[in-house]
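Please look over the sequence and the structure shown below before reading on. The report that follows takes up a sheet and then a pair of helices.

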Amino acid sequence: MMTTSPEPANRILLVEDDPRLADMLTEYLAQAGFRVTHAPNGREAVVHIAAGQADAVILDLMLPDMDGLDVCRQARAVSDVPVLMLTARGDAIDRIVGLEMGADDYLPKPFEPRELLARLRAILRRRVDVGLGRADQRGGPSGSDDFLRFGRLEIDSASHSAKLDGVPCELTAYQFDLLLVLARHAGRVLSRDSLMELLKGEPIEAFDRSIDVHMSRIRAAVEDDPKKPRRIITVRGAGYLFAKVQD
């Protein structure tokens, strides 16, 4: 009788300088089935990320040796690993800057461990679900479910990459997932709530504009002129539309 080996646990890099909090989260996440590596400072975190030793990163912004935003920026230069930001800062601008730097989600301190676990699972699930094409049918004028072409824009879900005129687009994992969902629903207006549902993410709050920040970064990567978008159109009061016909 053949037996199958269990799937390996997701590897989580916890970047946190508070040893008590780090120990508590490490134990909690381990009980939930994750393999946790603790980095107490930004320098060690960047080394781990560059070596491809994490499937997701939990990143505290307040670190002893460097700002967490700098860690996020350096991580994005070498990896598209999902990043969940932890911040004790109350200013919304820090969260917006973090998202613009490439974080996939954020959680303000203090937080409930169950919410951290839910958000962590969500960013991991989004990559798997969208990569497997569970969001919905394709919407492009040409290509298979794994590969979509819209004029000069190519979207490859198998390699989790997008290219414009053959040049790779710089997108985080979450931003690529957003782009892929929009592309698979080309010609249809998708509200923010619909996008979050298709991405299998957490419900978006009424005043949470993080998805708009991600959308602006996607436009910067795939539009010829982000201020005059032709691929990703904002339909005021309704949501976003990915244009079927593009140059």
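In what sense do strand S1 and S2 pair, and over how many bridges? In this predicted model, strand S1, which spans residues 11–15, pairs with S2 in the parallel sense, and the pairing runs over five bridges. Within it, isoleucine 12 stands opposite valine 36 in S2.

These strands belong to an open sheet of five strands, arranged in the order S2-S1-S3-S4-S5 with parallel pairing. Strand S2 (35–39) and strand S5 (105–108) each have a single partner strand and stand at the edges, so one side of each is left without a neighbour in the sheet. Direction ignored, neighbouring strands of this sheet are turned against each other by 20 degrees on average.

The helices come next. Two packed helices are described by the angle between their axes and the distance between the axes. For helix H2 (residues 42–50) and helix H3 (residues 68–78), the axes come within 9 Å and cross at roughly 15 degrees. Because angles under 35 degrees count as roughly parallel, H2 and H3 are roughly parallel to each other, and their crossing is right-handed. The residues that make the contact are set out by helix in the table.

| Helix | Residues making the contact |
|---|---|
| H2 | Gly42, Ala45, Val46, Ile49 and Ala50 |
| H3 | Val71, Gln74, Ala75 and Val78 |

Note on methods: Residues are numbered from 1 along each chain as its sequence is written. This is a predicted model: local features need pLDDT of at least 70, side-chain atom pairs count only at pLDDT 80 or more; totals for chains, interfaces and linings use all residues. Side-chain values use heavy atoms; hydrogens and water are left out. Axes are lines fitted to C-alpha atoms, for helices over the stretch in contact, and angles run from 0 to 180 degrees between N-to-C directions. Helices (H or I, at least four residues) and strands (E, at least two) are DSSP runs, numbered from the N terminus. Angles under 35 degrees count as roughly parallel, over 145 as roughly antiparallel, 65 to 115 as roughly perpendicular and the rest as oblique. A crossing is left-handed if the near helix is turned anticlockwise from the far one by less than a right angle, and right-handed if clockwise. Contact means heavy atoms within 4.5 Å. Two strands pair if DSSP finds at least two bridges between them.
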